[in-house]
Amino acid sequence: MLAAAVDGLLDAGLAELSDSDLVEVMRGVEQCLRRAEAVSHRLVVESVERSVPASLGYSSPRKLLIDVLRISGADASARVTAARELGGLAHSRWRSDATGVAGNRCGTERR
């Protein structure tokens with residue numbers, strides 16, 4: 001669904017939009033990006049609740065995001081922090097320090 005909508009916007013001719021329509025599309029895209037970010041945070045929370053990082057051999061949610069999403073460590077840390085705040089969770093499955101080591105699972109995973 002989301003990919004199809006993005007593809008539609010990529011294929012759309014922007015030159016024929018009026019200035020006000022262009023601004024409206026910009027506003028709509030920004031609103032969608034913010035909503036997609038909220039969904040992304042919820043996915044991180046759900047993955048932690050299900051112990052997905054540990055079950056896939058990662059020592060932290062941060063390391064899972066770096067590998068699976070191919071994002072920087074800084075971006076992954078920011079996403080984990082935002083998801084943690086959204087989820088209101090504080091348990092051992094969340095990264096316990098800046099190095100990304102999971103609370104009670106230190107050194108037991110392969111990644």
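The model is a predicted one. The chain has five helices and zero strands, and 23% of its 111 residues count as buried. Its largest pocket has a volume of about 160 Å³, and four salt bridges are counted in the model.

**Overall fold**

- Read from the N terminus, the elements of the chain follow the order α-α-α-α-α.
- Helix H2 covers residues 19-49 and helix H4 covers residues 61-69.
- Helix H3 covers residues 52-55, and helix H5 covers residues 73-87.
- A loop between H2 and H3 contains Ser-51, while a loop between H4 and H5 contains Arg-70.

**The largest pocket**

- The lining of the largest pocket consists of Ser-40, Leu-43, Val-44, Ser-47, Leu-64, Leu-65, Val-68, Leu-69 and Arg-79.
- Two helices, H2 and H4, each contribute at least two residues to this lining.
- By residue class, the lining divides into six nonpolar, two polar and one charged.
- Arg-79 is one of the lining residues, and Arg-79 also takes part in a salt bridge with Asp-75.

**The nonpolar surface patch**

- Leu-9, Val-25, Val-29 and Leu-33 make up a nonpolar patch on the surface.
- Together, these four residues have about 300 Å² of accessible area.
- Helix H2 provides the largest share of the patch, namely three residues.
- Leu-33, a member of the patch, has its place in helix H2.

**Salt bridges**

- Arg-27 pairs with Glu-24 in a salt bridge whose closest N and O atoms are 2.8 Å apart.
- Both Arg-27 and Glu-24 belong to helix H2, where they are three residues apart, about one turn of the helix.
- Arg-27 counts as partly exposed because its relative accessibility is 44%, a value between the limits of 20% and 50%.
- Glu-24 is likewise partly exposed, with a relative accessible area of 44%.
- Glu-46 forms a salt bridge with Arg-50, and the closest N and O atoms of this pair are 2.8 Å apart.
- Within this pair, Glu-46 is partly exposed at 39% relative accessibility, whereas Arg-50 is exposed at 59%.
- Arg-79 and Asp-75 form a salt bridge in which the closest N and O atoms lie 3.2 Å apart.
- Arg-79 and Asp-75 are four residues apart in helix H5, so about one helical turn separates them.
- Arg-79 is partly exposed at 24% relative accessibility, and Asp-75 is partly exposed at 30%.

**Residues with a positive phi**

- In general, most residues other than glycine have a negative phi.
- Ser-51 has a phi near 60 degrees, a positive value in a residue that is not glycine.
- Ser-51 lies in the loop between H2 and H3, and it counts as buried because its relative accessible area is 16%, under the limit of 20%.
- Arg-70 also has a positive phi, of about 55 degrees, although it is not a glycine.
- Arg-70 is located in the loop between H4 and H5, and it counts as exposed because its relative accessibility of 72% is over the limit of 50%.

- Pro-61 is part of helix H4 and is buried, with a relative accessible area of 2%.
- Pro-61 and Ala-76 are 15 residues apart in sequence, and their C-alpha atoms are 8.4 Å apart in space.
- Val-45 is part of helix H2 and is buried, with a relative accessible area of 13%.
- Val-45 and Val-80 are 35 residues apart in sequence, and the distance between their C-alpha atoms is 8.3 Å.

Key:
Residues are numbered from 1 along each chain as its sequence is written. This is a predicted model: local features need pLDDT of at least 70, side-chain atom pairs count only at pLDDT 80 or more; totals for chains, interfaces and linings use all residues. Side-chain values use heavy atoms; hydrogens and water are left out. On a 1 Å grid over the protein atoms alone, a cavity is a set of points where a 1.4 Å probe fits but cannot get out, and a pocket is an open set with protein on both sides within 12 Å along at least five of seven lines; lining residues have an atom within 4 Å of a point. Grid points are joined across faces, edges and corners, and a volume is the space filled by probe spheres set on the points. Ala, Val, Leu, Ile, Met, Phe, Trp, Tyr, Cys and Pro count as nonpolar, Asp, Glu, Lys and Arg as charged, and the others, Gly among them, as polar. Patches are made of residues with over 30% relative accessible area and no salt bridge: like charges are joined within 9 Å, nonpolar side chains (Val, Leu, Ile, Met, Phe, Trp, Tyr) within 5 Å. Accessible areas come from the Shrake-Rupley method with a 1.4 Å probe; for residues, only the protein chains shown count as cover. A salt bridge is a side-chain nitrogen of Lys or Arg within 4 Å of a carboxyl oxygen of Asp or Glu. Buried means under 20% relative accessible area, exposed over 50%, partly exposed in between (1.4 Å probe, protein chains only).
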